[in-house]
Amino acid sequence: MFELLGASLLDVLQWKYLLPLALGTLAGIVGGALPGVTITMTIILVLPFTFGLDPLQGLAAMTGVYVGGECGGLITACLIGIPGTPSAIATMFDGFPMAQKGEPGRAVWLGVWASVAGGLLGAVFLIATTGPLAAFALEFGPWEYFSLFILALSMVAGLTEASLLKGLLAGAIGMVITVIGADPIMAIPRLTMGSEFLRGGFPFLPILIGIFAFAQIVADVEKMSAGRATPTPLPPPTLAVSHLAVIREIVSRPFLLLWSTIIGLLIGVLPAIGGSAANIMAYDQAKKFSRHPERFGTGIPEGIIASESSNNSNVAGSLVTIMAFGIPGDAVTAVMLGAMIIHGIQPGPLFISQEPRIAYGIFAAYLLAHPLAVVTIALGTRLFLKIVTVPKSALIAVVLVLCTVGAYALNNIMDNVWVLFIFGLFGYALVKLGFPLAPLILGVILGDQIEVNLVRAIMTDANPWLFLTRPISGALIALSVASVVLAVWQHHRTRSRLAQAPEPDLDF
Amino acid sequence: MLGRDGLAGLACLAGSLWLLALTRGLPHPALVPIGPSFYPRIVLSVTAILSAVLVVTDLLARRRARRAGEGRPAAPGARRNVGLVAATFALFAGYVALLPLLGFRVATGLFVLVIQAVLDEEPRRHWLRILLVSACTAALTHLAFEGYLSVLLPRGRWTGL
């Protein structure tokens, strides 16, 4: 393992890989720093640039975007009080007050070094557990895979902020999208209504681009009503700080750092939740464990350390899930999964044994992206803040063009661009109706695999009870049921608490 | 009277029942025990049931709200620019339709120009920036993808570009 990792580190340190990694990290930081441009959107924009690259070059660039994006979000969160990404929301709670108190350098660098610490601790987990988890997944038959995918879907539906019912329905709609087109066993066209356009089914990357990038852009357009101009940030004061003192501040809180990292990792491992939940949850935990919770939100280092170490370790958790099981941990890894498939790589339990060079290359890229992010932020924070002033009208136009190129270049056909447009409309409508998008996209990604494994299991043995009586499959199904029951219980508890709560005294 | 969730559930229910009816026409091959309609029927039935539950839940919630006298009008939210959203979708649809006719460079240049003019708060004042951004976007993306990354972009049937 260490030999492979060492060789991969040397591999990725070559210019051929280091340059895409560095450019990806830079793109991630800029995208992460831009409010309204999420990491998912940034990685979607970078995707078409990777088509002409070697698989490891492309994946290194994407890993750089992922790590850089998590770091970039904190810059605007701390300096102008606008989180660049949802995963930097909790960073803003203490980062911005600290910057306002005259310590912007301390706020930014506490975040950056906490990100690095959380990310590198996450790397230990990533490297140590991916192989054993993949080996465990090799024991799986079609029954276990089917149950695992059902567990992933039920967990995502249950953990979404909107209602459980809408989460489940969104996941089911995602699965319905995958049944349109040729069936995976006999290639018989299904539900195509005689249309040639529908015969091949909907490719998942244009769907992803439509739902996550296009629909998001349109949601931004909707807010461009009165007073459309973006607020111009004030030029930041000096960010000079003693790095040793900042690092000492972080390592002097080992429990906080470790616990926040673990929270980030666990949330990363769960499919499709992401850093936005990780940073809030870690912040909340840090506050609960603190001896002085009342000081949170006033500009204390604990809030920044908890939030930033968790959102970067979350990246490692997501990478574990995709590399060991082939299930995307969040929307960013869903795009990475698409990129792997385009390059002829099938992520899953066999990935690490069949493609060790690429698997360890991703580990190496993940490790190296952290120092690259530090260097990039040290050199360019002032420049990134200037980029925030780019007019939204220009930014939206360029993003839409890159989305179009990304969808078209998949197979060089216009049909994919129409799919992007249709799902942009559909995603926007779903957002307006209050449906969560994460279960939908997971349903689209896993729908085919669920069908293939279900059919394979029944063709091997027609006994449907095997899904329950095989130990691993049965345990996974039980966990799926438990996650739905837990979500229902939590929902009811919240509702009854709200109903029992006394009317607040309103002082007019 | 149905609310937003109820209407969404009703639309999903209608869609899933319609697709479920379409699965009846699918052939059943003799070679395999499970036909192509097996999985879609399961998924569509689940979707139909969930949609129906959403409709019922919405109806019950609204009835409860009426009984509790919560029929007060909701507080007005932030003003949303629906016209701008519709224009963005329409412009993008036009761009996609024109791409194979005008080619990537011309269609992209036009699209970026028009969409900026629509979205910008003062397009007349920023005309030079709008013009530069549209020309640079079309030229640089073409150069990067076709020239450097060997990714082919749409050619125009009308322009030959």
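Chain A of this predicted model has a mean pLDDT of 84, and 92% of its residues reach 70 or more. Among the elements of chain A, the lowest mean pLDDT, 78, belongs to helix α13 (residues 275-289), while the highest, 93, belongs to helix α21 (residues 466-469). Two stretches of chain A call for separate mention. Over residues 226-232 of chain A the pLDDT is below 50, and the model gives this stretch 10 contacts beyond near neighbours in sequence. Over residues 503-508 of chain A the pLDDT also stays under 50, and here the model has zero contacts beyond four places in sequence. Where pLDDT is low, the predicted coordinates should not be read in detail.

With that caution in place, the reader can turn to how helices pack in chain A. Two packed helices are described by the angle between their axes and the distance between the axes. Helix α6 (residues 104-137) of chain A takes part in a packing with helix α4 (residues 55-79) of chain A, in which the angle is about 160° and the axes are 9 Å apart. Because angles over 145 degrees count as roughly antiparallel, α4(A) is roughly antiparallel to α6(A). The crossing of these two helices, α4(A) and α6(A), is right-handed. On the side of α4(A), the contact is made by A:C71, A:L74, A:C78 and A:L79, and on the side of α6(A) by A:P104, A:A107, A:V108, A:G111, A:V112 and A:S115. Sorted by class, the residues in this contact of α4(A) with α6(A) are eight nonpolar and two polar, with no charged residues.

Helix α6 of chain A also packs with helix α12 (residues 254-269) of chain A, this time at an angle of about 60° and with the axes 10 Å apart. The two helices α6(A) and α12(A) are therefore oblique to each other, and their crossing is right-handed. From α6(A), the residues A:A117, A:G118, A:L121, A:G122 and A:F125 meet A:L257, A:L258, A:T261, A:L265 and A:V269 of α12(A). In the contact of α6(A) with α12(A), seven residues are nonpolar and three are polar, and no charged residue takes part.

The domain assignment divides out domain 1, covering 4-67, and domain 2, covering 78-148, in chain B. Between the C-alpha centres of domain 1 and domain 2 of chain B, the distance in the model is 39 Å.

Definitions and conventions:
Residues numbered from 1 in each chain as written. Chains lettered and ligands numbered in written order. Predicted model: local features only at pLDDT ≥ 70, side-chain atom pairs only at ≥ 80, totals over all residues. Heavy atoms only, no water. pLDDT = per-residue confidence, 0-100. Helix = DSSP H or I, 4+ residues; strand = E, 2+ residues; numbered from the N terminus. Contact = heavy atoms within 4.5 Å. Axes fitted to C-alpha atoms, helices over the stretch in contact; angles between N-to-C directions. Parallel < 35°, antiparallel > 145°, perpendicular 65-115°, else oblique. Left-handed = near helix turned anticlockwise from the far one by under 90°. Nonpolar A, V, L, I, M, F, W, Y, C, P; charged D, E, K, R; others polar. Domains from an automatic or database assignment.
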